[in-house]
Amino acid sequence: MASLAQPDKGTRMVRRMSSKKRRTPAEFHIYLVDGTLHKISGLKSWSGDNLWQAVKAKVVDNESVLGFLGLAYEPPASKVPQQKRQWLLLDELVRTQLGDPEVVKEPSTGRSLFRWVLQLRVKFYIRHKLLSDWPERYRDLFARQLCEDVAQGRMQLPAQLLPQWLALVVQSFDPSAKKSAQEVLDSLDLGSCITKDSMDSFTRLRARCKSLPKPTVQ
């Protein structure tokens, strides 16, 4: 019986180098809208789906919200000029979408580590009835992203609805009324996008609400 040919030394070395290249470690920094950072260790060869499965396992702990979330990133200007944010595609490699990673040194080993930065964001705005079933943590992220989108001009609100919406924002983020309305709005970067007319309407609305008698408990 003929023996199988064994790979020579050069072939074995090429295979080891190829395997090592495929298993190059990488680190993914996943930021939430509130600034919370989650670090995920993975591989440079990961696809978008590999990373999303890791996010599902380590960051998102509720199945009901998964279909409304996605990973966003800022692509290299050379690839998408004037495009500030894109959604990560799950069926493509991470590195082909995000471009060259930041290269850092691992403190413990001193070896090079590739790092990419992404943001976990709400991908679809949904009706209040569905949102009410979300855990408090995710409702807060939803509200913060809505504030960010309004502040940055991605979400346009009709002028007549803005005062009521501002009142809801202040009530949600400062329910005990420990801060002034302006302090709350400034902390959410909403101060710069509010006109004097909308703020005047908002102030009158708050004054009317404060003057209403408090309900009595029977």
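Which side chain does a polar contact of 2.9 Å join to that of His29? The partner is Glu27, where a polar contact is a pair of N or O atoms within 3.5 Å, one able to donate a hydrogen and the other to accept it within protein, and where residues adjacent in sequence count only if both atoms are side-chain atoms.

This is a predicted model, in which local features need pLDDT of at least 70 and side-chain atom pairs count only at pLDDT 80 or more, while totals for chains, interfaces and linings use all residues. Residues are numbered from 1 along each chain as its sequence is written, and side-chain values use heavy atoms, with hydrogens and water left out.

Start with the whole chain, which has eight helices and six strands; these are DSSP runs numbered from the N terminus, helices being H or I of at least four residues and strands E of at least two. Of its 218 residues, 33% count as buried, meaning under 20% relative accessible area with a 1.4 Å probe and protein chains only.

Next select His29, which lies in strand S1 (residues 25-31) and is buried, with a relative accessible area of 7%. Leaving aside neighbours within four places in sequence, the residues in contact with His29 (heavy atoms within 4.5 Å) include Leu37, His38, Trp116 and Leu118.

Now show S1 together with strand S2 (residues 37-43): the two pair in the antiparallel sense over seven bridges, pairing being assigned if DSSP finds at least two bridges between strands. Pro25 has Leu43 of S2 as its bridge partner, and in the hairpin, which has five residues between the strands, Gly35 takes a positive phi near 95°.

Move on to the largest nonpolar core, which has 31 residues, with Phe28, Leu51 and Leu118 among those having the most contacts inside it; such a core is a set of buried Ala, Val, Leu, Ile, Met, Phe, Trp, Tyr and Cys residues joined through side-chain atoms within 4.5 Å. At least two residues of this core come from each of several elements, including S1, helix H2 (48-58) and strand S6 (112-122), and S6 gives the largest share, five residues.

Select Leu118 to see its contacts, which, leaving aside neighbours within four places in sequence, include Phe28, His29, Leu51, Leu71 and Leu98. Finish at a second, separate core of 13 residues, where Cys147, Leu162, Leu185 and Leu190 are included.

Notes. Buried means under 20% relative accessible area, exposed over 50%, partly exposed in between (1.4 Å probe, protein chains only).
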